[in-house]
Amino acid sequence: MSADFGEKLLREFEQQLDRAEESRNEVEMPTSWRQRRSPGSQRRVPKHVRDRELTLRMINAAGRPVRLAELLDAGIDVRVVRAVVQEGRILNPVKGIYCDLGNYDPFLHALACLRVHGTDYVLCLKSAAQYHGLIGNVDSDLWVAAPVGRGILAYVGDYRAVPIHWNGMQAPYAPMDVPLDSEADVDLGRLEQTERYFGIWRQVVGGVEIKVTSPARTVVDLLRYMERPVAKERVDGLCFDQATAFEALATFVRDNDVDMVAEIADRLGCTDQIEVHVALARSFQVTVGRRS
């Protein structure tokens with residue numbers, strides 16, 4: 001949302017006030033009131049009234065969380081924004097982020113707020129498995145791959161961000177010449193084609209575009225990193241136990257799609273790290289197929 005958008009809403013608001021004023025002027029007013037008001041005078045809207053209305057309009061029209069900087073660019077006083085929050089007319093889920101009073105899924109809303117805050121992340125590992133419905137047990141951690149050296153919010157609402165800076169987990173920085181998985185990918189930009197080849201999808205969540213590892217890529221990452229230590233100030237112990245990774249893999253066994261996991265692993269150059277698990281999954285896949 002740009003400052004031009006805010007100015008457009010402001011002009012519409014002032015035009016509505018002018019029309020309402022003209023309608024009131026058509027009604028006969030007491031003589032004393034008419035004498036106090038000069039014929040050519042124009043009604044000025046108090047700034048706090050204008051800012052209050054513009055704040056509500058910008059946030060309701062955005063269809064996504066809005067940064068405080070966007071409101072300030074439209075000339076809105078920060079004290080008015082805080083007052084509207086205190087009145088319960090808008091929400092302030094994260095410092096510097098505002099949204100309307102919608103009925104939000106807490107998990108998806110946290111993802112949108114984190115992206116609007118400015119973090120260019122890839123939702124991965126256990127959180128990506130939760131996003132795709134690959135696991136049933138969920139928690140309040142947001143596992144996100146972020147570029148090395150980039151800061152990230154520690155908390156987003158009730159969720160705690162777990163930044164992953166491991167090599168190979170971030171989205172590609174530049175396009176590569178890669179084969180396309182489907183005809184639909186022809187219309188994508190070259191960078192997005194590269195991302196999809198390595199199992200990173202772009203999805204719209206809460207009106208905001210985020211990046212998330214595909215279901216098959218998520219399973220590969222869970223398998224190859226399930227015993228990797230994580231910083232203890234965020235998460236105690238290892239990344240995941242085998243149960244979490246195998247639960248996600250089980251979906252591909254049931255759908256006879258284990259080859260999709262193997263193909264992504266080959267593209268990432270980590271086949272040797274998970275080949276034992278893939279072989280076991282294929283054997284179960286055959287068994288499940290025979291029983292059905």
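What percentage of the 292 residues in the protein chain is buried? Buried residues (under 20% relative accessible area, 1.4 Å probe, protein chains only) make up 42% of the chain. The model is predicted: local features need pLDDT of at least 70, side-chain atom pairs count only at pLDDT 80 or more, and totals for chains, interfaces and linings use all residues. Residues are numbered from 1 along each chain as its sequence is written, and side-chain values use heavy atoms, without hydrogens and water.

The protein chain holds 12 helices and 9 strands. These are DSSP runs, numbered from the N terminus (helices H or I, at least four residues; strands E, at least two).

An open sheet is built from 6 strands in the order β6-β7-β5-β4-β9-β8, with mixed pairing. Pairing requires at least two DSSP bridges between two strands. The edge strands, β6 (155-156) and β8 (200-205), each pair on one side only. Strands β4 (residues 122-123) and β5 (residues 141-145) pair in the antiparallel sense over 2 bridges. Val 122 stands opposite Ala 145 in β5. Helix α6 (residues 106-116) packs on this sheet, touching β4, β5, β6, β7 (159-164), β8 and β9 (208-213). Contact means heavy atoms within 4.5 Å. Helix α8 (residues 190-197) also packs on the sheet and touches β8 and β9.

Helices α7 (residues 125-132) and α9 (residues 215-224) pack at about 145 degrees, their axes 9 Å apart. Axes are lines fitted to C-alpha atoms, for helices over the stretch in contact; angles run from 0 to 180 degrees between N-to-C directions. Leu 125, Lys 126, Ala 128, Ala 129 and His 132 of α7 meet Pro 215, Thr 218, Asp 221 and Leu 222 of α9.

Definitions and conventions: Buried means under 20% relative accessible area, exposed over 50%, partly exposed in between (1.4 Å probe, protein chains only).
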